[in-house]
Amino acid sequence: MQPRHVAWLSLVLGIATAALLSALHDTLPAILARVVGRSEPELGALTRIVAAGINALGLAAIAVAIWAAWRREARIVRTYLVPEVAGGTASDDEVARLTAMRARFGRQLGLLRRRRLAELQRVRRLEAAQGELAFHNWRTAVRRRPPPAESGEVLRARIRQLREELDRDGEA
């Protein structure tokens, strides 16, 4: 399936899931009251618990979507940034850090705790540029009309510049 079709399918399924959960949230307490044979106010806490449970399902669906997006991003970065390691645009450690959310946030939190805010900004910019380069390489590989090659070169130059700035800060 083409990436564009997957995106549209994800969009439709996301909207359908939200609509279903909203409909359940609004109607299930009333349906429950009719099945039991009592009014909603008489059931009180039970209908609120049912509605809260549906809200919890919605939050769980959002959490699963975020987790799946992070996994997809990590897979794309791991696959399409590897050729850049050979060219020196990224190192194996950087690719590993970019694909491990805990390591990525751990490094950033360590810089924040040591009050190295300028360095933290450079690290975040470097990681963002490397992620953009991975997605540029991905788009080049999967799209019928790939992005211009110049945009990849601009990202590589930006990464080299950020790495030089980090080297001057004493952290690579």
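This is a predicted model: local features need pLDDT of at least 70, side-chain atom pairs count only at pLDDT 80 or more; totals for chains, interfaces and linings use all residues.
Arginine 116 comes out as partly exposed, at 29% relative accessibility; here buried means under 20% relative accessible area, exposed over 50%, and partly exposed in between (1.4 Å probe, protein chains only). Its partner is glutamate 119, and the closest N and O atoms of this salt bridge are 2.7 Å apart. A salt bridge is taken as a side-chain nitrogen of Lys or Arg within 4 Å of a carboxyl oxygen of Asp or Glu. Residues are numbered from 1 along each chain as its sequence is written, and side-chain values use heavy atoms, with hydrogens and water left out.

Now for the overall build. The protein has eight helices and zero strands, where helices (H or I, at least four residues) and strands (E, at least two) are DSSP runs numbered from the N terminus. The radius of gyration is 23 Å, well over the 16 Å that the globule rule gives for 172 residues, so the protein is more spread out than a compact globule. That radius is taken over C-alpha atoms, and the rule is 2.2 Å times the number of residues to the power 0.38. Along its principal axes the C-alpha trace spans about 70 × 45 × 20 Å, and buried residues make up 27% of the 172.

Back to the charged pairs: the count of salt bridges comes to eight. One of them joins arginine 104 to glutamate 73 at 3.5 Å, N to O. Arginine 104 sits in helix H6 (residues 101-113) and glutamate 73 in helix H3 (residues 45-80), so the pair ties together parts that are 31 residues apart in sequence. Arginine 104 is buried at 16% relative accessible area, whereas glutamate 73 is partly exposed at 28%. Both belong to a network of salt bridges that also takes in Glu127.

Glutamate 94 and arginine 163 make another salt bridge, with their closest N and O atoms 2.6 Å apart. This pair links distant parts of the chain, 69 residues apart: glutamate 94 is in helix H5 (residues 92-99) and arginine 163 in helix H8 (residues 149-169). Glutamate 94 is buried at 9% relative accessible area, and arginine 163 also counts as buried, at 17%.
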